[in-house]
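Good morning, and thank you for making time for this presentation. I would ask you to keep the structure in view while I speak.

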Protein chains: 2
Amino acid sequence: MPQSERLLLGPGPSNPYPEAVAALTRPVLGHLDPEFLALLDETMERLRTVFRTKNALTLPISGTGSAGMEACFVNLLEPGDTAIVGVNGVFGERMADVARRCGADVVRVEEAWGRALDPQRLIDAQREHPHARLLAVVHAETSTGVENDIAPLAAIGDTDTLLVVDTVTSLAGIPVEVDGWRVDACYAGTQKCLGVPPGLAPLTFGERAVDRLRNRLHPPQSWYLDLGLIGAYVGGSTRRYHHTAPIVMIYSLHAGLGAVLDEGLDAVWERHRQVGARLHRELPELGFRLAAEKGHQLPELTTAWLPEGADDAALRKTLLETYGIEVGGGLGEFAGKAWRIGLMGNSARDRSVTALLGALRELLA
Amino acid sequence: MPQSERLLLGPGPSNPYPEAVAALTRPVLGHLDPEFLALLDETMERLRTVFRTKNALTLPISGTGSAGMEACFVNLLEPGDTAIVGVNGVFGERMADVARRCGADVVRVEEAWGRALDPQRLIDAQREHPHARLLAVVHAETSTGVENDIAPLAAIGDTDTLLVVDTVTSLAGIPVEVDGWRVDACYAGTQKCLGVPPGLAPLTFGERAVDRLRNRLHPPQSWYLDLGLIGAYVGGSTRRYHHTAPIVMIYSLHAGLGAVLDEGLDAVWERHRQVGARLHRELPELGFRLAAEKGHQLPELTTAWLPEGADDAALRKTLLETYGIEVGGGLGEFAGKAWRIGLMGNSARDRSVTALLGALRELLA
């Protein structure tokens, strides 16, 4: 079975950093081996640096980004709780769905696809529902390429409502400030701006979230994602076995985080900013129109309406087969009409933009 | 950070097959790339061969073995359902815990640690609770080294109760016959006898289980493990996106399954049988006593009481640090008193037994 070399410019996975790939084949250790536990500790410390947090409970969940989302909700919600969810794309919808499956009453704060959520409306919703257990927002909506502002939501920290933020497509791509923004619970994925293959979901819980966890009336509905049990393995001195950790994926995350921190978070953010800005500038010259609201366009994930008359499926097929370049089709309302172009992690390079625009110029000529 | 070469003779992870390691660094593809979907299809076909089933819904769940367990229960149970669970070790307990978290009333059929469950007692329990939605048994109890007989439970197929079997530590180590034993739902892990690093949970659902899934009153409480949604990605023609697949782990599973099938299932079972039999024969010569009931001792996972006066922790530390050999400590009732010695996957070699016994002879002299 062939696995061709691809330039991965879709909504993820991105091309991983070479360090993250090389680490996959290091000798497998047991999940209770002191050498592995030392590496896990260092991985957690690196995650704290990238999340910009001092939270003790900061770890990789053994599943992809959506498992990180589910881990937040199943640990923080109990049946009958109220959850406020910002919905302006597929991943806000997914949060609402996951919260409902936890038995929560979901209060939706909606915005049109392609537009950013108004933080004031979210804050107002919390005032209307002061007993809401949490307020959840997607930082970088992968379906629309929109950045939702999180900083103004720090005010939620003055209430009894927890602030939950999805940073799957923002962590290590644009600034994320877990402590600075008073985020109580936050999760991400490895296969986007972190430049690591898919398979893990970095997650961090602050003190208020840990308190909530400790004071639950009932155990979380998920055993696999029960952070009380997982916390007894990753933290503390006893290292109580919960489930077998995905060893080689953690090696890869450790190495990918090393690459990010060696370059420096500021430099990584700047690289994503620059390549995104160039794409936003040059894509319209080919007849594309940017779909996300101005001022809220993510540099690492660009949504763009196709040029008049262009055939979505045929164009993407040729891009993939002839040029080895993957871009993403639109989801939901955007299906067939817009593309999602990712410049994330090790794919966030000037040469990626050159290759894509060059190919498109030939195809659309 | 070092990752030393280890001979992994604990309860998992085992040493992976070289093919499974090499595949990890193949170029990353997108989860909707036709080349990846072809590899996923072939992986599912290989899983069917190893599970000995024709079940269409046969796939790797994006989490470790315990995620496979949870996937079975959250998809097959609804609040208020009755679940019969065989409990004679940690993993039977875990099934009972997971079923309870799904809101089920759990009927426990217990047996002492180290002894096998009596199939007749399980069948009787189903007769007493004919409306039980499922009956769940661990085939190979990793905590005790006991094999529970599954074949006699085929009779459950004549009732409305589904038969769910945990083959985490048996699949590709000892015979597993999903169709032959009329198992309705079955899951495993990659890091045991399959000889692949930890991170995925192979799972298969038969027609009766799929019908149950289709006729649920409410969606499963887990979105991440919702087999209705996952099935629309792995099967059918639309390949509807659910979550980003853990690409490189699936490469590794595909290659590990290839290694197993190239050797041949019969030959792989025989290899596990022979090395296990040798260990069972020679370990008592060093003062160990086998802990599992005779006739139900797993060849791939041996539990043994330590020789009189031996220091569990100190011995395992020296084995690891001086000889590079990992064995597992006891869980639960066995903690501090018994070991768990795995001979699984690529670790199931005569030379593994020689190395372990040689080291123990030196240490216990």
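Predicted model: local features only at pLDDT ≥ 70, side-chain atom pairs only at ≥ 80, totals over all residues.

Let me begin with the relation between the two copies. In general, two copies of a chain are related by a rotation about an axis and a shift along it. What are the rotation and the shift that superpose chain A on chain B? The rotation is 180°, the shift along its axis is 0.0 Å, and the RMSD of the superposition is 0.0 Å. That is the relation of a two-fold axis. If you wish to locate the axis on the screen, look for Gly63(A), the residue of chain A that comes closest to it, with its C-alpha at 2.6 Å.

I turn to the interface itself. On the side of chain A, 52 residues are in contact with 53 residues of chain B. Four helices of chain A each supply at least two residues to the side that touches chain B: α2 (34–51), α3 (65–76), α4 (90–101) and α8 (247–263). By class, that side of chain A divides into 24 nonpolar, 18 polar and 10 charged residues. Why may we say that the copies meet through the same surface? The reason is that 100% of the interface residues of chain A are also interface residues in chain B.

Next, the domains. In chain A, the assignment gives domain 1 as 7–12 + 265–364 and domain 2 as 18–261. Where they meet, 25 residues of domain 1 of chain A are in contact with 25 residues of domain 2 of chain A. On the domain 1 side, α9 (265–282) and β12 (301–305) of chain A each supply at least two residues. Of the elements on that side, α9(A) gives the most, with 4 residues. The domain 1 side has 12 nonpolar, 9 polar and 4 charged residues.

Now to the sheet of chain A. In what order do its strands run? There are 7 strands in an open sheet of mixed pairing, in the order β2-β10-β9-β8-β5-β3-β4. At the edges are β2 (57–61) and β4 of chain A, each of which pairs on one side only. From one strand to the next, the twist averages 15°.

Together, β3(A), α4(A) and β4(A) make a right-handed β-α-β unit. Recall that α4 of chain A is also one of the helices that supply residues to the side touching chain B. Strand β3(A) is also joined to β5 (residues 134–138) of chain A, by 3 bridges, and this pair too runs parallel. Here Ala83(A) has Leu134(A) as its bridge partner in β5(A).

Two helices of chain A that pack on this sheet deserve mention. Helix α2(A) touches β2, β9 (185–187) and β10 (201–205) of chain A, and its direction makes about 105° with that of β2(A). Helix α6 (residues 207–214) of chain A touches β2, β8 (162–166), β9 and β10 of chain A, at about 110° to the direction of β8(A).

Strands β9 (residues 185–187) and β10 (residues 201–205) of chain B run antiparallel and are joined by 3 bridges. Within this pair, Ala185(B) stands opposite Phe205(B) in β10(B).

Finally, some backbone details. Most residues other than glycine have a negative phi, and most peptide bonds are trans. Which residues does a cis peptide bond join in chain A? They are Gly12(A) and Pro13(A), with omega at about 5°. Pro13(A) lies in the loop between β1 (7–9) and α1 (18–22) of chain A. In chain B, a cis peptide bond joins Gly12(B) and Pro13(B), again with omega at about 5°. Arg182(A) is not a glycine, yet has a positive phi of about 55°. This arginine, Arg182(A), is found in the loop between β8 and β9 of chain A.

Thank you for your attention.

How values were computed: Residues numbered from 1 in each chain as written. Chains lettered and ligands numbered in written order. Contact = placed C-beta atoms within 7 Å. Nonpolar A, V, L, I, M, F, W, Y, C, P; charged D, E, K, R; others polar. Domains from an automatic or database assignment. Right-handed = clockwise from strand over helix to strand, strands pointing away. Least-squares fit on C-alpha atoms with pLDDT ≥ 70 in both. Pairing = 2+ DSSP bridges. Axes fitted to C-alpha atoms, helices over the stretch in contact; angles between N-to-C directions.
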